[in-house]
Amino acid sequence: MNARQFAPRLTKDGAHFRLWAPAAKRVDLLLQQPHAMTRGDEGWFSAEIPGAKAGTRYKFRIDDEIDVPDPASAFQPEDVFGPSEVIDHAAYRWRATDWRGRPWQEAVIIESHVGTFTQDGSYRAMTEKLGHLVQTGITALELLPLADFAGARNWGYDGVLWYAPDSAYGRPEDLKALIDEAHLCGLMVFLDVVYNHFGPEGNYLGRYAPEFFTEAHTPWGSAIDYRVPQVRAFAIENALHWLRDYRFDGLRLDAVNSIVEPGGLSLLNDLSMAVGQLAAETGRHIHLVLENGDNRASILDAAQDPPRGKYRAQWNDDYHHAWRVLMTKEKQGYYCDYQRSPLDDIARSLCQGFVYQGEMSKFRGVKRGEPSGKLAPTAFINFLQNHDQIGNRAFGDRLEGVARPEAIEAALAVTLLAPAIPMLFMGEEWGAKTPFPFFCDFKGDLADAVRKGRRSEYAWAYAEYGDEVPDALAPSTFQSAVLDWNERGAPTFQRRQATVQQMLAIRRREIVPRLAGAAFGKAKAADDGQLTASWRMGDGATLRLLANLSDHEIANTAGEFKGTLIWGSELGERVPPWSVHWRIG
């Protein structure tokens, strides 16, 4: 692979520092004293510093006007406004030296936020909970973004220093210890990364490298100009940095439909190719997945291993939205697109992947999606909850607070045993009711702007509930999102945990060994709430589903329901309400 262009490089005698600052006339490296950097071609500044070593802290001074951290800083011990610290990634002694990852078919994902996963909110504290994940049947821990953000608390999507894991959770070696221990436990670890924008506070690129940005805008600020070779390299090197230096097993790219790139998403192709080269060179299973509101089936291929331009899977928002409407009758926002028949939409998602495959979206006002039925079922990550679908609500309330337990457990029985890759949100495995409201730690005008924006977005909630609506800037809002691990001792939570654990044991035994080569089949929804579906599995067996997703008992009109029963009960002429039954054979 090409040599790294960004971040300091340790040498035998010291360190070589570089900064791409095409708009700067002069750059000084600030250590104990300033060191003038040499300007080279294409806006690069460099300096060789004898005696510099791991632990050295530094900044860059631009034109004697402003002192900035390294945009490719490996660590910011004093947050985004402080000095950058040189990190020697080669110094960490990995224990799971034989770990090469796991095949994609084995993935059962739990999405988690480090700061609220435990009371301590650290990498080290999260390490202590890995045994619980393994016991539950989870095989992959996905972390919300870690890129350094301004302040002490944030979801992570406001990162401004992409290469630096935020110091609020610990040091780089603590993150490596978490990943190392996860690998020793047999867990993959994925990271959510954001390449569609930089956060609003602590980003100085516009001052010395305005070429980073275009005139276009995303919902979160200026769009990044990936037509510029250095900018493109910055993102691709960042992906490789997390996969190589921290040994993450995969990345989930946030909202790639908001990457503004004329002529298509070639950045995604180039990034996938670079990651595929790393996977081939190291013999590792590395998985790339997407969030993409455009439902671009053409960039997905679950079987391409190592990646060669495609992506393993996509978060399937359609699947979530249809279930949410079925269980809660919600109509606001994007749920307006799933009002006709949510049960039909669930059936279509189970047998073809996306619900929207080129149809007109009322919410978006345009046609959305591409045909997806020829993809493998494992090209879709299905879920009932995630950080967005909980947190982008006025109160950050979970599904447990708005849907009936029997409906949720039926939805889990479908989601966790269907061939698509399942994902839970932290605590969902025991039915946690802890909210996950939006929180951040901005100051001054930016904090006021966040409050104003939320009051506008959730005007109905403020009108009805007033000050009861959580203030995103208040420390108490962040604290309310911290998981209560002690609640698992209550009988209700114990039963849910046992149910999920049993489902995932069945998935591991009956479904996972047959997923390679599995294909979509047929699904049908009836007006009375009956749902049937089938898939041809990789070993030639047929996986069959029969469910009653309604509040009333219905007649069993599904016809022959062959195979070995793996979940549910033997059925006669009637099907109980909110019951799910699986057979394979």
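Visitor: Which residues have the most contacts inside the largest nonpolar core?

Guide: Before we dig in, this is a predicted model, where local features need pLDDT of at least 70, side-chain atom pairs count only at pLDDT 80 or more, and totals for chains, interfaces and linings use all residues. Residues are numbered from 1 along each chain as its sequence is written, and side-chain values use heavy atoms, with hydrogens and water left out. A nonpolar core is a set of buried Ala, Val, Leu, Ile, Met, Phe, Trp, Tyr and Cys residues joined through side-chain atoms within 4.5 Å, and buried means under 20% relative accessible area, with exposed over 50% and partly exposed in between (1.4 Å probe, protein chains only). The largest core has 190 residues, and those with the most contacts inside it are Leu 143 and Phe 248.

Visitor: Which residues does Phe 248 touch, not counting residues up to four places away in sequence?

Guide: Contact here means heavy atoms within 4.5 Å. With residues up to four places away left out, Phe 248 touches Leu 143, Leu 146, Leu 175, Ile 179, Val 189, Phe 190, Leu 191, Trp 242, Leu 243 and Arg 284.

Visitor: How many residues are in the second, separate core?

Guide: In soluble globular proteins, nonpolar side chains tend to be buried together. Here a second core stands apart, with Ala 394, Tyr 458, Tyr 462 and Val 469 among its members, and its residues number five.

Visitor: In what order do the eight strands close into a barrel?

Guide: Strands (E, at least two residues) and helices (H or I, at least four) are DSSP runs numbered from the N terminus, and two strands pair if DSSP finds at least two bridges between them. The barrel's pairing is parallel, and its order is S10-S11-S14-S17-S18-S19-S22-S23.

Visitor: Which residue in S19 is the bridge partner of Leu 290?

Guide: S18 (residues 287–290) and S19 (residues 313–315) run parallel, joined by two bridges. Leu 290 has as its partner in S19 Gln 314.

Visitor: Which strands stand at the edges of the open sheet?

Guide: That sheet has four strands with antiparallel pairing, in the order S1-S2-S6-S5. Seven bridges join S2 (residues 14–20) to S6 (residues 44–50), including the one between Leu 19 and Phe 45. Two strands have a single partner each, so one side is left without a neighbour in the sheet: S1 (9–10) and S5 (38–39).

Visitor: How far apart in sequence are the parts tied together by Trp 430 and Trp 485?

Guide: Rings of Phe, Tyr and Trp (its six-membered ring) pair if their centres lie within 6.5 Å, with planes under 30 degrees apart counted as stacked, over 60 as edge-to-face and the rest as tilted. That rule gives 35 aromatic pairs, and Trp 430 and Trp 485 form a tilted one, 4.9 Å centre to centre with 55° between the planes. Trp 430 sits in the loop between S23 (421–425) and H12 (444–457) and Trp 485 in the loop between H14 (475–480) and H15 (491–511), so the pair joins parts whose separation in sequence is 55 residues.

Visitor: Which residue lies over the face of Trp 430?

Guide: A charge sits over a ring if NZ of Lys or CZ of Arg is within 6 Å of the ring centre and within 35 degrees of the ring normal. Trp 430 itself counts as buried, at 0% relative accessibility. Over its face, at 5.7 Å from the ring centre, lies Arg 488.

Visitor: Is Gly 170 buried or exposed?

Guide: You'll find Gly 170 in the loop between S13 and H4 (172–184). Leaving aside neighbours within four places in sequence, Gly 170 is in contact with Phe 75 and Tyr 123. At 15% relative accessibility, Gly 170 counts as buried.

Visitor: Which glycine in the turn between S25 and S26 has a positive phi?

Guide: Seven bridges join S25 to S26 (residues 542–548), and the two run antiparallel. They form a hairpin with five residues between them, and the one in the turn with a positive phi of about 95° is Gly 540.
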